[in-house]
Amino acid sequence: MKKVSFFIIMAVVVMFLAEAKVSEAVTCNPGELSSCLGAITSSSPPSTTCCSKLKEQKPCLCGYLKNPSLKQYISSPGARKVVSACGVPYPSC
């Protein structure tokens with residue numbers, strides 16, 4: 001009886017962990033950060049939409065920094081200001 005209970009508990013834990021991994025998956029799309037453009041290029045503060053998108057795209061920031069087409073935007077002083085204002089640590093890749 002104890003073996004059966006142990007296996008049921010383990011099955012539930014495995015299912016929970018598998019579900020957590022699926023919900024953590026992020027599709028890297030720099031276009032999702034377009035709501036931050038105004039704050040990056042001006043002195044205006046970032047919008048809540050910008051910050052939420054930035055937090056969603058956080059796992060992608062190193063990839064964006066490695067992309068020559070995007071690096072200039074992600075590493076700009078304005079982008080650093082927005083990242084800081086949104087409470088997202090600037091990536092150290």
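Glu-56 is partly exposed, with a relative accessible area of 42%, where partly exposed covers the range between buried, under 20% relative accessible area, and exposed, over 50%, as found with a 1.4 Å probe on protein chains only. This is a predicted model, in which local features need pLDDT of at least 70 and side-chain atom pairs count only at pLDDT 80 or more, while totals for chains, interfaces and linings use all residues. Residues are numbered from 1 along each chain as its sequence is written, and side-chain values use heavy atoms, with hydrogens and water left out.

Side chains of opposite charge can pair when their charged atoms come close. The side chain of Glu-56 forms a salt bridge with that of Lys-53, at 3.7 Å from N to O; the term stands for a side-chain nitrogen of Lys or Arg within 4 Å of a carboxyl oxygen of Asp or Glu. Both residues belong to helix H3, three residues apart, or about one turn of the helix, and helices here are DSSP runs of H or I with at least four residues, numbered from the N terminus.

Lys-53, partly exposed at 23% relative accessibility, also meets Glu-32 in a salt bridge of 2.8 Å, N to O. Glu-32 lies in the loop between helix H1 (2-24) and helix H2 (37-41), whereas Lys-53 lies in helix H3 (residues 48-56), so this pair ties together parts that are 21 residues apart in sequence. Glu-32 is itself partly exposed, at 27%.

A search of the whole structure finds two salt bridges.

How values were computed
Helices (H or I, at least four residues) and strands (E, at least two) are DSSP runs, numbered from the N terminus.
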